[in-house]
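User: Hi! I'm new to this one. Could you walk me through it?
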Amino acid sequence: SPPSCRSSGPTRRSSRRGSGAVGCLLSLLLFVAAVYYGANIGQVYLRYYQILDHMRTQARLAPSLNDDVIYRRLDEQADSLLPGSQPKFKITRGGRPNRIVIETEYTDQVNLPLFKHTFVLRPKAEEQL
C-alpha cells in the first residue's frame with residue numbers, strides 16, 4: 001500500500017519521532033519531481049503532435065494547394081513551435097493510388113537537472129489525393 005502521511009496508531013515516541021514526517025516529505029518530493037520532469041518532457045510530445053496535426057491538415061488540403069504553399073505553411077508552424085530548430089519538410093506526390101506524403105525529421109532537447117536528452121522525432125502524414 002502507498003506510504004501515508006498519517007500515523008497508523010500508537011507508537012513508541014522515543015524511537016520513531018519524525019519518521020512519518022520524513023516519509024511524507026520524501027513522497028511529496030518524489031511526486032513534485034515526477035510532475036516537473038513529466039511536464040517538461042510532455043512539452044516535447046505536445047509540440048510533436050501539433051506539428052503532426054498541421055502536417056495532416058496540409059495533406060488533406062493538398063489537392064487544392066501547390067507544394068510551395070504547403071512548404072510555407074509548414075515552415076511557419078514549425079517556426080512558431082520550434083524556434084531555432086527549423087525542420088526540413090519533404091513532400092512527395094504520386095503512386096497508385098495517387099497519394100501525398102509529408103515527412104520531416106527534427107530534434108528537440110530537454111535540459112533538466114540530472115537529465116539532459118535530445119529526442120529525434122520523425123512525424124509523417126499521408127493522404128490519398
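Analyst: Happy to! Let's start in helix H2 (residues 19-61), where Phe31 lies; helices (H or I, at least four residues) and strands (E, at least two) are DSSP runs, numbered from the N terminus. This is a predicted model, in which local features need pLDDT of at least 70, side-chain atom pairs count only at pLDDT 80 or more, and totals for chains, interfaces and linings use all residues. Residues are numbered from 1 along each chain as its sequence is written, and side-chain values use heavy atoms, leaving out hydrogens and water.

User: Is Phe31 buried or exposed?
Analyst: Phe31 is exposed, with a relative accessible area of 55%. Buried means under 20%, exposed over 50%, and partly exposed in between (1.4 Å probe, protein chains only).

User: And how much of the chain is buried?
Analyst: Buried residues are 24% of the 129 in the chain.

User: What's the overall pattern?
Analyst: Along the sequence it reads α-α-α-β-β-β-β-β, with 3 helices and 5 strands.

User: Which strands form the open sheet?
Analyst: The order is E1-E2-E5, with antiparallel pairing; two strands pair if DSSP finds at least two bridges between them. Strands E1 (90-94) and E5 (124-128) stand at the edges with a single partner strand each, so one side of each has no neighbour in the sheet.

User: How many bridges join E2 to E5?
Analyst: 5 bridges join strand E2 (residues 99-103) to E5. In E2, Arg99 stands opposite Gln128 in E5.
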